Amino acid sequence: MNEATMSVSMAPKGRRISSGHLHRFQWFIVGFVALLSVVNYSTSGYFYNEGDDSSKDRFCFCQLQGTIDDCSCNVDTVDFYNNVKIFPRLRSLLVKDFFRYYKVNLMKECPFWVDDSKCAMRFCHVEQCEQKDIPPGLKGDVSSYRKYLKEVQTLTNCNEDLDVELGYLNTSISDNAHREFQKWADYDEAQDNFCISDDHEPGAEYVDLLLNPERYTGYRGESARRIWSSIYLENCFQSHSIRRKNPYAAMIPYHDMTQNEVCIEHRVFYRMISGLHSSINIHLCANYLLSEKSSMGFVSPTGVWGTNMEEFERRFSPQTTDNEGQHWLRNLYFAYLVELRALAKAAPYLRNEEYFTGREKEDREVRVAVKDLLNVIESFPSHFNESVMFSGGTSSVKVKNEFREKFMNISKIMDCVGCDKCRLWGKLQVQGMGTALKILFSGKFDDDLDSNLQTKLKPDNSQFKLKRAEIVALFNAFGRLSTSIHELEEFRQRMR
């Protein structure tokens, strides 16, 4: 009996199936079986063989889910807010002149060891910007002068001519006294700092961040390993011992951090440094030097850059990280939430900044864009609650000082990085994170918070001040974390 005869004979009595209906029925069965095959294949784990554990782990280790420890929100919430709302705004804001020019001293000597291991790779070099390209408002203390003019005009409230140049100086006080007063003011302000600021030092110069993007330059070997070893191994809190030989591992295994063995202050410190490290590693993998030659075989002046999936797996997969890689990626989200909270807390202050570069049209655009970004940041539903830290009386003062000293030490280690471009981005991101900590723990905001972590600080608060370099570092460092979370989603898509 052939298939057509069998199909007809199986039809209910009293009804006959036409050849056309039979043909369509056969194709329906074939299609249904094929659909079942596809569904079974896809649900077996994002297109990997269910029996192949290695391919399953290859995807799962960067697919994060659930609540972020020490915070009240989950990974999905951060992914949505960052990738849809925050990252696009930051990307368009950070190319503006106010944020792209960062003043930094890259000539300081390493304070801890003789550094004779300068990177010889041509991509380690920092491209200097031309003086003519630097916005006029950044070449001198023009912003302070501009604010002074407004104050004079407000106080006099008259139309008579003023000799502003003479009126700006108090001739009853010597220049030397002015310098001494400034030193006292800088010292008082430095007591709130969590990192070294060197933009005012001899040798500090403006660097165009767009000309010097953060990416893998070829800097590797003992010099690079010594940097992270020093950060991790020499900044442990006395109550905890080193339990891992691998300097790239977190200072305490993740499963121990979740227990009562580690207080929240120490845990936050460890997780922020680990999150920063993870962020930098993601940037290096997403912008990797694939070749120094062009597709034509000639040496390329700019190099060939792109995504390196193998390097990403090497740095984060369970097999190469003793199952810690996924926890390091979660620490990226934690560091992101801490800096997000700092921006929300300082939003009233940041809205009142002029973001002055001397280029009026762009300055207006920046002020509008910053306010728009801060509105989105303040609308985030589950901010990190910094009030749970350093709240234990006298002992907390000691912990806070220790926390601050160790972070200051890390900012000094950045001067030991042998690659100039790596040093640039390391110093910027550490200063940005240090500025976030200054905002959260200086105490200048704490009396103005309600139970919902909403800042009620008056915009004209004179107690809290940030230098331009701190503001630039704060936004750019947060931009690096935001970019890392966006790039992490790109890695997930590629692995699928």
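Q: If contact means heavy atoms within 4.5 Å, with which residues is serine 274 in contact, leaving aside its neighbours within four places in sequence?
A: This is a predicted model, and the contacts described here are computed from its atoms. With neighbours up to four places away in sequence set aside, serine 274 is in contact with Tyr232, Trp328 and Asn331.

Q: Where is the place of serine 274, and does it count as buried or exposed?
A: Serine 274 has its place in helix α11, which runs over residues 264-286. Buried means under 20% relative accessible area, and serine 274, at 2% relative accessibility, therefore counts as buried.

Q: At which residues does UniProt place the feature "binding site"?
A: The unreviewed UniProt entry places that feature at Arg215, Thr217, Trp228, Ser274, His277 and Arg315, and such annotations may be inferred rather than shown by experiment.

Q: In which loop does arginine 215 lie, and what is its relative accessible area?
A: Arginine 215 lies in the loop that joins β2 (205-208) to α9 (222-233). The relative accessible area of arginine 215 is 22%, so this residue is partly exposed. Apart from its neighbours within four places in sequence, arginine 215 is in contact with Leu284, Asn287, Thr302 and Trp305.

Q: What of helix α9 itself: how many residues does it have, and which of them are buried?
A: Helix α9 has 12 residues, and from its first C-alpha to its last it reaches 15 Å, which is close to the 16 Å expected at 1.5 Å a residue. The buried residues in α9 are Ser223, Ala224, Ile227, Trp228, Ser229, Ser230, Ile231 and Tyr232. Trp228 is also one of the positions in the "binding site" record, while Tyr232 is one of the contacts of serine 274.

Q: At which residues does UniProt place the feature "active site", and where does each lie?
A: The unreviewed entry puts that feature at Cys419 and Cys422. Cysteine 419 lies in the loop between α17 and α18, whereas cysteine 422 has its place in helix α18.

Q: Which relative accessible area does cysteine 419 have, and at what relative accessibility does cysteine 422 stand?
A: Cysteine 419 is buried because its relative accessible area is 0%, whereas cysteine 422, at 25% relative accessibility, counts as partly exposed. Not counting residues up to four places away in sequence, cysteine 419 touches Cys119, Cys124, Thr217 and Tyr219. With the neighbours within four places likewise left aside, cysteine 422 is in contact with Thr217, Tyr219 and Val417.

Q: Which residues line the largest cavity, and which helix gives the most to its lining?
A: The lining consists of Tyr102, Cys195, Ile196, Asp198, Ser411, Met414, Asp415, Lys427, Val430 and Gln431. Helix α18 (residues 420-441) gives the most, with 3 residues, and by class the lining has 5 nonpolar, 2 polar and 3 charged residues.

How values were computed: Residues are numbered from 1 along each chain as its sequence is written. This is a predicted model: local features need pLDDT of at least 70, side-chain atom pairs count only at pLDDT 80 or more; totals for chains, interfaces and linings use all residues. Side-chain values use heavy atoms; hydrogens and water are left out. Helices (H or I, at least four residues) and strands (E, at least two) are DSSP runs, numbered from the N terminus. Buried means under 20% relative accessible area, exposed over 50%, partly exposed in between (1.4 Å probe, protein chains only). Contact means heavy atoms within 4.5 Å. On a 1 Å grid over the protein atoms alone, a cavity is a set of points where a 1.4 Å probe fits but cannot get out, and a pocket is an open set with protein on both sides within 12 Å along at least five of seven lines; lining residues have an atom within 4 Å of a point. Ala, Val, Leu, Ile, Met, Phe, Trp, Tyr, Cys and Pro count as nonpolar, Asp, Glu, Lys and Arg as charged, and the others, Gly among them, as polar. The expected span of a helix is 1.5 Å times one less than its number of residues.
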